[in-house]
Amino acid sequence: MSAPSSARHVTATAPGKVNLSLRVGPPRPDGYHPVASVYLAVSLREAVTATARPDGRITVGPSSRQVSLVDTTDVPWDERNLAHRAAVHLRSHLGLDPETHGVDLEVAKQVPVAGGMGGGSADAAAALMACAALWDTGLTRARLAEIAEPLGADVPFAVLGGAAVGLGTGADLTPVAARRPVHLVLLPADAGLSTPVVFRTLDELRAAGRAPAGRDVPEVDEDVVRALTRADPLALATAMENDLQAPAVALFPELSDVMDVAMDEGALRAMVSGSGPTLLLAAHSEQDALRLATAVEERTGVAALPVHGPVPGAHVL
Ligand SMILES: C[C@](O)(CO)[C@H](O)COP(=O)(O)OP(=O)(O)OC[C@H]1O[C@@H](n2ccc(N)nc2=O)[C@H](O)[C@@H]1O
Ligand SMILES: Nc1ncnc2c1ncn2[C@@H]1O[C@H](COP(=O)(O)OP(=O)(O)OP(=O)(O)O)[C@@H](O)[C@H]1O
């Protein structure tokens, strides 16, 4: 990951993710929910270019070099941006002089915004990696993943990539060796869902007895891990689960109809991705994913994205 400290630009990339399994417990006093998640990094990547500024300012904006493939209208291009927060966090973590270590960040997005695929988290991961190289820190990817934790539950995984079990808030990661690529089709929605609202809606559904209660400390679904390590698409599709599906569908009822169409077109399984509203469809093979994507796109008008995983985590290009 190292680039010469004299480099003026460094571009790094990081992947979006899906949760093949997401079990959620009741909220803790700090508002976060304990989870047991099986993460898979997928072949939609964000890219962040960091250019050094001697005046200490940190800016963020859409890339002038690479076109974003998704609608970025709802992305805040200011200090709320997760890439911006990542640069500020790394600089202060390293004790670098805030008067001299500035950076311009340019972001090119492929991951749907507020789609439950960790796009902002991938921007944070790519920004951390690019700034770490620009500032010649020599930090390993594993160390950067630890440093990433305060930026959000999904950020450490976007740094590490591959496939992993995530416990705690999702940031306590153990890699899973997936034997062969998993082929999926993603169906982004034309509106986003707010992650905190989806978690809160799950709590409300549970309080009303409309969703099964979660364990205080959720345990990882070993069937999903086994299916991933054995490269068994049917077993994986059967075992996949997401406790956030019920609240996502309650907030976005049209998702049910799209999932029905996908199953009708031969998806092994249709499920909400993370906090939604992006849907993920499981397929047997790359060819099957391409066929399914075309069929679902024709029937629903939703632009379908065939993807695969696991793919590598954040790295410098
Ligand atoms: C839904 C997932 O994407 C599944 O991987 C993650 O759990 C969410 O990860 P994230 O977007 O990186 O989440 P953060 O930015 O850390 O948190 C956003 C908000 O989501 C809620 N949140 C998030 C993670 C978690 N384990 N419990 C929560 O309740 C909290 O309200 C939090 O304030
Ligand atoms: N770099 C960024 N890209 C996209 N959204 C960002 C970024 N930085 C901050 N945000 C804010 O975060 C919100 C969630 O964006 P994001 O695309 O990460 O959602 P998500 O994929 O659903 O997240 P997750 O799955 O990690 O919960 C956006 O609505 C936006 O307001």
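Analyst: What follows goes from the domains to their contact and then to the ligand. The model is predicted, and its chain is assigned two domains, with domain 1 covering 9–177 and domain 2 covering 182–309. Taken over C-alpha atoms, the centres of domain 1 and domain 2 are 23 Å apart, and the contact between them draws on 32 residues from domain 1 and 39 residues from domain 2. On the side of domain 1 that touches domain 2, the elements giving two or more residues are strand 1 (9–24), strand 2 (35–53) and strand 5 (163–167), and strand 2 supplies the largest share of that side with eight residues. By class, this side of domain 1 is made up of 22 nonpolar, eight polar and two charged residues.

Turning to the ligand, the shell around ligand 1 receives residues from both domain 1 (9–177) and domain 2 (182–309), and therefore ligand 1 lies between them. There are 19 residues around ligand 1, of which H33, G152, A153, D154 and P196 come nearest. Strand 1, strand 2 and helix 5 (195–207) are the elements that each give two or more residues to this shell, while the largest share, three residues, is contributed by helix 5. The shell around ligand 1 contains six nonpolar, 12 polar and one charged residues, whereas the side of domain 1 that touches domain 2 has 22 nonpolar, eight polar and two charged.

Notes: Residues numbered from 1 in each chain as written. Chains lettered and ligands numbered in written order. Predicted model: local features only at pLDDT ≥ 70, side-chain atom pairs only at ≥ 80, totals over all residues. Domains from an automatic or database assignment. Contact = placed C-beta atoms within 7 Å. Helix = DSSP H or I, 4+ residues; strand = E, 2+ residues; numbered from the N terminus. Nonpolar A, V, L, I, M, F, W, Y, C, P; charged D, E, K, R; others polar. Near = placed C-beta within 6 Å.
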